[in-house]
Amino acid sequence: VQIETPSPAINVMVNGWLPYQNMSCRLWGRSAYYQSGGAYGFRDQLQDAASLIYHDPAITRQQILRHAASQFVEGDVLHWWHPPDNRGMRTRFADDLLWLPLLASEYVAATGDEAVWEESVPFVEGPALDAGEAERYLVPQQSYAAANVYEHCCIAIDRSLKVGAHGLPLMGCGDWNDGMSRIGQGGRGESVWMGFFLFSVIEEFIPLCEGRRDGARAARLRAHQDRLSV
């Protein structure tokens with residue numbers, strides 16, 4: 001991506017400095033505003049990698065595989081983790097896991113790299129959260145179970161389909177806004193934002209399911225999307 005404007009300063013910033021800053025600060029150092037500890041954040045680095053699809057899609061692809069490998073067998077994901085042993089937080093954040101299918105579908109749409117769906121990636125395993133437990137700091141173990149990226153994405157979406165009393169997705173312990181961590185305690189808090197987000201992810205995925213002849217899943221997602229749009 002290159003721009004040319006009458007302002008040399010804007011050209012230098014957009015064409016060089018901003019992509020470099022994203023790479024060096026967000027992906028290599030993982031040290032930025034509100035994330036200064038060097039950890040991978042499940043949503044954070046997927047968002048950062050999204051901006052690199054048109055600069056270096058190989059980096060985006062690598063990030064998709066890295067994050068798929070931080071998904072538990074049950075479908076939830078590490079909120080953040082530190083290499084090399086991937087010690088991190090298992091949580092009930094509602095939005096984290098959905099950034100994987102969103103970015104994977106956007107990456108394939110932009111690059112045409114359908115092969116990424118077939119990449120086999122192992123899950124991680126660890127103690128499940130107890131009832132009423134919002135998070136747990138742990139060292140996950142790599143599971144013997146593995147799935148391709150498409151299946152990782154589907155498991156994430158399936159886990160996100162549960163709704164509350166008003167037909168909106170449950171918030172868990174946060175819905176992108178970490179400050180909403182108490183709203184979903186008790187498994188009752190719902191999120192309008194998550195409704196919009198989940199709707200968008202499902203909209204991206206229905207044609208993918210149909211293209212892979214996964215018609216039953218496509219029909220189920222379409223039915224859920226119709227509930228969200230009421």
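Student: Into how many nonpolar, polar and charged residues does the lining of the largest cavity divide?

Tutor: The lining of the largest cavity divides into 3 nonpolar, 1 polar and 2 charged residues. In this scheme Ala, Val, Leu, Ile, Met, Phe, Trp, Tyr, Cys and Pro count as nonpolar, Asp, Glu, Lys and Arg as charged, and the others, Gly among them, as polar. Before going further, please note that this is a predicted model, in which local features need pLDDT of at least 70 and side-chain atom pairs count only at pLDDT 80 or more, whereas totals for chains, interfaces and linings use all residues. Residues are numbered from 1 along each chain as its sequence is written, and side-chain values use heavy atoms, with hydrogens and water left out.

The lining residues are Asp-76, Val-77, Thr-91, Phe-93, Asp-96 and Leu-97. The space that they line is about 30 Å³, and the structure holds 1 cavity of 30 Å³ or more. On a 1 Å grid over the protein atoms alone, a cavity is a set of points where a 1.4 Å probe fits but cannot get out, while a pocket is an open set with protein on both sides within 12 Å along at least five of seven lines; lining residues have an atom within 4 Å of a point. Grid points are joined across faces, edges and corners, and the volume is the space filled by probe spheres set on them.

The largest pocket has a volume of about 670 Å³. It is lined by 27 residues, of which Arg-92, Arg-159, Leu-170, Gly-172 and Cys-173 are the closest to its centre. By class, this lining holds 11 nonpolar, 9 polar and 7 charged residues.

Buried means under 20% relative accessible area, exposed over 50%, and partly exposed in between, with a 1.4 Å probe and protein chains only. Helices (H or I, at least four residues) and strands (E, at least two) are DSSP runs numbered from the N terminus.

Leaving out residues up to four places away in sequence, Ile-202 touches Ile-157, Leu-161, Leu-221, His-224, Gln-225 and Leu-228; contact means heavy atoms within 4.5 Å. In α5, the buried residues are Val-149, Tyr-150, His-152, Cys-153, Cys-154, Ala-156 and Ile-157. These pack against α3, α4, β4, β6 (141–148), α6 and α7.

A search of the whole structure finds 9 of them. Trp-117 and Tyr-150 form an edge-to-face pair, 6.2 Å centre to centre with 90 degrees between the planes. Because Trp-117 lies in the loop between α4 and β4 and Tyr-150 in helix α5, the pair ties together parts that are 33 residues apart in sequence. Trp-117 is buried, at a relative accessible area of 1%, and Tyr-150 is buried at 5%. Tyr-150 also forms a stacked pair with Phe-205, 6.0 Å centre to centre and 15 degrees between the planes. This second pair links helix α5 to helix α6, with its partners 55 residues apart. Phe-205 counts as buried, at 0% relative accessibility. Rings of Phe, Tyr and Trp (its six-membered ring) pair if their centres lie within 6.5 Å; planes under 30 degrees apart count as stacked, over 60 as edge-to-face and the rest as tilted.

Elsewhere, Tyr-40, Phe-42 and Trp-81 form one aromatic cluster. Tyr-40 is also a contact of Gln-63, which, neighbours within four places aside, touches Leu-27, Gln-45, Leu-46 and Ala-49 as well. Gln-63 lies in helix α3 and is buried, with a relative accessible area of 2%.

Asn-86 counts as partly exposed, at 28% relative accessibility.
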